[in-house]
Amino acid sequence: MYHLVGIEYFYLDQYVERTKDGWTSPCKIVVENATNTVFHGLARDGTLALVSSSLYDEVGLTEKTENGWSSPQYFTPKIPVPNSPLISEDGNVVVYSGSNDRKEPTIYFYFREGDSTKLEP
Amino acid sequence: MYMENNISRKDAAQMKRRFISNCMIYLLVLPGLIRQALADRSDDFFDHLNELLVYEISPEEGTISEFISTGITDIPLSALSDDWSANYDGSAIYIDRKFIVLDTNNQYKIEREIHLEGITRHPCLDSEGKIITYLKREPGDNNPSIRFLDTSTGQLITQYTVLKQHREILFSYDISADANTIAYFFIPYSGTGLGDLYVVDRKETYFTDPILIQDRTFVESPPRVSSGGNRIFLFRSVCGTD
């Protein structure tokens, strides 16, 4: 059954990998325990992806393992509806921005091993 | 990888690990400037920003630096959308025809002006900031090429001219951070949203024949090539399902 979720869309993702025998057939990225998965960013080394719930109240990180893509490790952003997050190339820092009061835009950094850090320009 | 400099793929991988271990990530951010520009709104506000600033981030220490001023001013807003790139560790930036590097005193300076010819899109610095790649298309011409410039001289290293039958690539391409792998969509099924995904590898100054990765797939955004060119990701949106 299909349904629309506001103006949101789900994103389906595929990837192909280079092997010694050439390129693999396209595979879907299936992330377990991720509801309403939306991909926003991807570490450039291709090992880590960023997912979010459809309500943007959680942001999750997932990485490719031998058994597929890991269950997301979620954190709660400091603002309810962050702009599309970016992820650093090494996958350790998530940067997102937004505003609580719709006046002062603020940039937030989430360090994978620590809590979010607020930075006020 | 980095064949021009006789650096092997193994060496490049070691360099990358070193970067990661250092965990020094520079990010270009501009909202502060936007806020300032709003406060100082002038007639040309919608055309230019005042200054380019950089944050320096150290995830290991959990610190974020104060703004580092690049000294680069009067940046067209148009450059922010599709005309700039930073290399892997942020030590090199290309924006609005300016090639900017971080010197040993942690100061950014304009190294040189590099003019990208034709109708250009999507300039991309390689990891080391030694090569800038971009898509070139002449006005009224349907003959695009992906060009590789040496940032130390601004001169053309080589270029990949898209095959005649593949010339409708419509800017949907990406290139690996080592500038050796190009993935692009050939879109022959006009109006259907479908395209064929190809990969081309650069070997110094020549290119391999395009390899068909997937045919008749939906094209919604450019493919994303991983840093080392070993993975390609496609993104697409569909309505949710129960």
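A quick definition before we start: pLDDT is the predictor's confidence in each residue, from 0 to 100. You'll want that number at hand, since what you're looking at is a predicted model.

Go element by element and the lowest mean in chain A, 32, belongs to strand β1 (residues 2–3), while strand β3 (residues 22–23) has the highest, at 94.

Now for the core. In soluble globular proteins, nonpolar side chains tend to be buried together. Here the largest nonpolar core has 63 residues, and the members touching the most others are V94(A), I182(B), A183(B) and I232(B). Zoom in on I232(B): leaving out residues up to four places away in sequence, its contacts include Y15(A) and V16(A) from chain A, along with A183(B), V199(B) and I213(B) from chain B. P223(B), R224(B) and V225(B) complete the list for I232(B).

Finally, check the backbone of chain B. D96(B) is not a glycine, but its phi is positive, near 50°. You'll find D96(B) in the loop between β6 (92–95) and β7 (98–102) of chain B. With 17 other C-beta atoms within 10 Å, D96(B) is partly exposed. E204(B), also not a glycine, has a positive phi near 55°, and sits in the loop between β15 (194–203) and β16 (206–207) of chain B. E204(B) counts as exposed because it has 11 C-beta neighbours inside 10 Å, and the cut-off for exposed is 12 or fewer.

Methods:
Residues numbered from 1 in each chain as written. Chains lettered and ligands numbered in written order. Predicted model: local features only at pLDDT ≥ 70, side-chain atom pairs only at ≥ 80, totals over all residues. Core = buried A, V, L, I, M, F, W, Y, C linked by C-beta atoms within 7 Å. Buried ≥ 20, exposed ≤ 12 C-beta atoms within 10 Å, placed from the backbone. Contact = placed C-beta atoms within 7 Å. Helix = DSSP H or I, 4+ residues; strand = E, 2+ residues; numbered from the N terminus.
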